[in-house]
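Welcome to my notebook. I went through this structure one stop at a time and wrote down what I looked up.

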Amino acid sequence: MKQFIIFEAGGYGSPAYKSADELANQWLKEHPGITIIDFKYQANVSLAANEQTSGSDYHQSICILYDTVMSAPH
């Protein structure tokens with residue numbers, strides 16, 4: 001059965017921060033029987049500033065299309 005899973009980085013700048021690739025790699029280690037069909041990676045940085053304030057926002061995500069049906073050995 002084909003399924004999708006999305007990993008999003010969260011908490012940028014905090015000690016608990018995990019990047020999207022760290023999250024995806026950990027999940028893949030925990031699910032060795034899947035077959036990856038495709039994946040998409042996205043990263044964005046947004047900056048905003050004026051005389052009073054400035055800020056930035058970081059976003060990473062990975063979407064994996066995978067199959068849970070293992071093929072029979074040949």
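**Ground rules.** I take two strands to pair if DSSP finds at least two bridges between them. Helices (H or I, at least four residues) and strands (E, at least two) are DSSP runs, and I number them from the N terminus. This is a predicted model, in which local features need pLDDT of at least 70 and side-chain atom pairs count only at pLDDT 80 or more, while totals for chains, interfaces and linings use all residues. Residues are numbered from 1 along each chain as its sequence is written, and side-chain values use heavy atoms, with hydrogens and water left out.

**Entry 1, the hairpin.** I began with strand 2 (residues 35-49), which pairs with strand 3 in the antiparallel sense over 14 bridges. I looked up Gln-42 and found its bridge partner in strand 3 to be Ser-61. Four residues sit between strand 2 and strand 3, and the two strands form a hairpin.

Which residues of helix 1 are buried? I call a residue buried under 20% relative accessible area, exposed over 50%, and partly exposed in between (1.4 Å probe, protein chains only). In helix 1 (residues 20-30), I noted Ala-20, Ala-24 and Trp-27 as buried. Their directions, taken from the helix axis to the C-beta atoms, fall within an arc of 65 degrees, so the buried residues line one face of helix 1.

On the face turned away from the buried side of helix 1, I found the exposed residues Lys-29 and Glu-30. I then looked for contacts, meaning heavy atoms within 4.5 Å. The cover over the buried residues of helix 1 includes strand 1 (2-8) and strand 3 (54-67).

Phe-4 lies in strand 1 and is exposed, at 59% relative accessibility. Leaving out residues up to four places away in sequence, I see Phe-4 touching Cys-63, Ile-64, Leu-65 and Tyr-66. Asn-25 belongs to helix 1 and is partly exposed at 42%.

One joins the side chains of Asp-67 and Lys-2 (3.8 Å, N to O). Asp-67 lies in strand 3 and Lys-2 in strand 1, so this pair ties together parts that are 65 residues apart in sequence. Asp-67 is buried at 16% relative accessibility, whereas Lys-2 is exposed at 57%.

In another salt bridge, I found the side chains of Asp-38 and Lys-40 meeting at 3.3 Å, N to O. Asp-38 is partly exposed, with 33%, and Lys-40 is exposed, with 53%.

Last, I looked at Tyr-12, which sits in the loop between strand 1 and helix 1 and is exposed at 52% relative accessibility. Patches are made of residues with over 30% relative accessible area and no salt bridge, with like charges joined within 9 Å and nonpolar side chains (Val, Leu, Ile, Met, Phe, Trp, Tyr) within 5 Å. Tyr-12, Val-45, Leu-47 and Tyr-58 form a nonpolar patch on the surface, with about 460 Å² of accessible area together. That area comes from the Shrake-Rupley method with a 1.4 Å probe; for residues, only the protein chains shown count as cover.

Technical notes:
Salt bridge = Lys/Arg side-chain N within 4 Å of Asp/Glu carboxyl O.
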